[in-house]
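Dear colleague,

I am passing this structure on to you, and below I go through what turned up in it. Please keep the sequence and the coordinates open beside this message while you read.

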Amino acid sequence: MQSPSPRVRCSLSPSAFLAALTLASGSIPAASVRAQAARVPTPESVLGYRVGADRKLADWGEITGYFARLAAATPAVFIETLGKSTMGQSLIAAIVSTPENVRRREDIFAAQRQLADPRILKASDEGALYANQPAVLVIQCNIHADEIASSQMVMELAYRLATNDTLQAELRNAVVILIPSVNPDGEQMVVDWYRSQLGTKWEGGEMPWIYNKYTGHDDNRDWFMMTQVETKLVTHALYEEWLPEIFYDVHQQGAEGSRLFVPPFLDPVDPNIDPLIVRGIGLIGAEMSTALESKGKSGVVDHAVYDMWWHGGARSTPARHNMIGLLTEAASVKVATPIVQTDSELTGHERGLPTYERSVNFPNPWKAGRWTLRDIVDYELIASEALVHLASVERERYVRDFVTLGRRELAMGQSDSVKAWEIPLQQRDGSAAIAMMDALRLGGIEMVTTDSSHIIPMAQPFRAHAKDLLEIQHYPKRLLWPGGPPEQPYDVTGWTLPLQMGVRVRALTELPKQLSTTPFIGVGGPAARSNIDAKHTSDYSLLARSITDFKKVTVGAGANHYTLTRLPRIAVYRPWTGNMDEGWCRWVLEQFHLPYVSLTDSVAKAGKLRDHFDVLLVPDMSLREMRDGNSPAESPPRYAGGLGTAGIEAIREFVTNGGTLVLLDHASELATESLGVPVKRIVVPRRLTDETRSRAAGAGESTEPLYAPGSILRVLVDTTNAVAFGMPDTAAVYFTNSVTFDVTAASQVRVIARYPERGDDILLSGYLQGASQIAGKAAAITAPVGRGHVVMFGFRPQHRGQSYGTFRMLFNALLAGGGSATQ
């Protein structure tokens, strides 16, 4: 929401719209629905097979083709194109309801925008809207492209919603917005790969690349930062156009446990999520599980695996926008190839279902046997139709609660001690502040200005979203059992944007007196220049143009700088294991116009890398993933085997001959194990068990093993090191059970950044156990190897495109040691 001014796009006056809606809410003759259904094509009649048939998948062109034919055949369906995906596919949404509701969809959405912002909801309209306004719900499919079933199921769901007598009657009270795939590029990739491997021993195996141009599975971690085109398109529709009461994200999970997870979720619950949202999620989950049980579908679990803490997922971000955000997770098959499971393969879930046995949250275990794509489709159809039924029956409650939630946020914004957040205009890195404000603005957050700052008032409907991003997270300590290891959260524990992005903010107990309602508008990029200020991250995007214009460019801060007469030749190692961090590396480099080449295994093994490249960047991955890659049993020969001994040796020769090797997080293992860099790596144990704790105690270490599953930590920075040019002397880094370095004083290793000496000073946001094990240790180092050198980050400086405050460290590592750089 940009401002309290009305955004109503209603073609009728509110009273006329309500009168028309009341007239339209009469019964729909069953004969009329049946006659219409006879003219509507079924998915099977168009595809030539039943949705969910073994080894059959519709690709994106076939899915959009079916929806186009469906909309042409019935006025109960309207197709809206939200925009183009990253790779140019049409991202569509299908609006499905009664023909009358579909015809008046813009007026219904205009009324939703009033309901979402009680400040513009007229008392004279409120009662009539409660009595007549349909509930609006979004069902989003296939964000993770290899979780393919929902992209197929949604065609059958749309057909049934448009033609089934019972469902059409329920849709008098509901408007359903179907997003067949929020990742159409990935959907096409998965189908193409699956078809290419049919009939081979690799049928149903994983692709050798991520199923999105840049993010892979992390496309469901992008919903507060909104770095990707698809996230921006859907976010705009959610918070500026549709304003639904309910958002349902359809997923798949592993096959070792339940057949379907439905809410309620596990603890902990983020403190900024309203209790009414929590209850609403539980109610819908209960409706789904009861409907599945009544239709004989076993293996449904709730209160397992997925919690309500982390922010940034497709279902978790709407929960901070007064919407009921939920997901389901169905047991997967091998894409579209059936699986057969034995009793021994059904082991449950570590969180919520530790053994595959009957329990109060798992009352009817699925019996081992054959599990198919059609099984998933059936479960998802039942869950989706249960949601539609509940939304119809409880229409008025959802509409009223939507308003109640908005009013609660406004009231808390006025009564809480923090009345607003201030973002001063004077920042160390102004571009970071602009990027942060742009993310907030895209998320519907309102801002006003003073002469010296931007102000985010807390008395606004989407207060929870802003508050959750601006404040520090304190993840509760949760043990698997008393005295046992910590329970692993579903995702990360801290995400505070000002810390991640290096932006100075201040909580205000009072609103400033002189405010301008002029909305925040981002500024254009700076012009090319011969001096790049390393404090301003956006300046790095000017390098290519500046070198062309000025032939020589200095990069730095004050007396600390290096000079470039050309950009270094950068290679980014791209394994065939579908590495997400590699995708994020490419995305960040492209956003800042820093050219690179992807280095694959075969090119690396050919050797003579120094002839072609100055710098090699290896994203976060283990040495085993680099060296061994995919197993030949799981991937075709072209994509199996990894770098092997020859590739590792080629990288060693590259560095010793003067190249710069930049290693992120766990990739640092390459330097210590294969290049002889003399540091000890401190690594978080993969599983924090009693055995781990006993080993630590026996070695004289803390009895609490190191554990920080996605937290923001403080580091002390050597700003005289070229990698740290432009950084403050104290900074925040993102630590996701990452790596720390123990450096001996006698070595030639130079520390770029280290953690404070006191363990209590390290954690900034999230959760950290065993801080004493990294206190005083190095977070980033550089070391000579032959005539070249290695830069080792124990964290990911470009983590998920969010850690803007450490982007410059990555850029400096790539630029200062390669090509023409001189200091």
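The mean pLDDT of the chain is 93, and 92% of its residues reach 70 or more. Residues 1–26 are a stretch where the pLDDT is below 50, although beyond near neighbours in sequence this stretch has 62 contacts in the model. Where pLDDT is low, the predicted coordinates should not be read in detail.

Helix packing

Helix α4 (residues 60–73) and helix α8 (residues 149–163) have axes that come within 10 Å and cross at roughly 5°. Because angles under 35 degrees count as roughly parallel, α4 is roughly parallel to α8. On the α4 side the contact involves I63, Y66, F67 and L70, which meet S151, Q152, V154, M155, A158 and Y159 in α8. Sorted by class, the contact of α4 with α8 has eight nonpolar and two polar residues, with no charged residues.

With helix α14 (residues 395–415), the axes come within 8 Å and cross at roughly 45°, which makes α6 oblique to α14.

With α11, in turn, α6 packs at an angle of about 85°, and the axes are 8 Å apart. The range 65 to 115 degrees counts as roughly perpendicular, and α6 and α11 are therefore roughly perpendicular to each other. In this packing F109, Q112 and R113 in α6 meet E240, E241 and W242 in α11. The contact of α6 with α11 has two nonpolar, one polar and three charged residues by class.

Aromatic pairs

A search of the whole structure finds 28 aromatic pairs. In one of these, the rings of W193 and W209 have their centres 5.4 Å apart and their planes at 75°, so the pair is edge-to-face. W193 lies in helix α10 (residues 184–197), whereas W209 lies in the loop between α10 and α11 (229–242), so the pair ties together parts that are 16 residues apart in sequence.

Sheets

Four strands, in the order β14-β15-β13-β16, form an open sheet with antiparallel pairing. Its edge strands are β14 (448–449) and β16 (506–508), each of which pairs on one side only. Strand β13 (residues 420–424) pairs with β16 in the antiparallel sense over three bridges, and in this pairing A420 stands opposite L508 in β16.

Another open sheet has three strands in the order β17-β18-β19, with mixed pairing. The edge strands of this sheet are β17 (531–533) and β19 (560–564), and each pairs on one side only, while neighbouring strands are turned by 25° against each other on average, direction ignored. Strand β18 (residues 553–557) and β19 run antiparallel and are joined by five bridges, with L564 in β19 as the bridge partner of V553.

In the loop between α18 and β18 you will find K551, which has a positive phi of about 70° although it is not a glycine. For comparison, most residues other than glycine have a negative phi.

Technical notes: Residues numbered from 1 in each chain as written. Predicted model: local features only at pLDDT ≥ 70, side-chain atom pairs only at ≥ 80, totals over all residues. Heavy atoms only, no water. pLDDT = per-residue confidence, 0-100. Contact = heavy atoms within 4.5 Å. Axes fitted to C-alpha atoms, helices over the stretch in contact; angles between N-to-C directions. Helix = DSSP H or I, 4+ residues; strand = E, 2+ residues; numbered from the N terminus. Parallel < 35°, antiparallel > 145°, perpendicular 65-115°, else oblique. Nonpolar A, V, L, I, M, F, W, Y, C, P; charged D, E, K, R; others polar. Pairing = 2+ DSSP bridges. Phe/Tyr/Trp six-rings, centres within 6.5 Å; stacked < 30°, edge-to-face > 60°.
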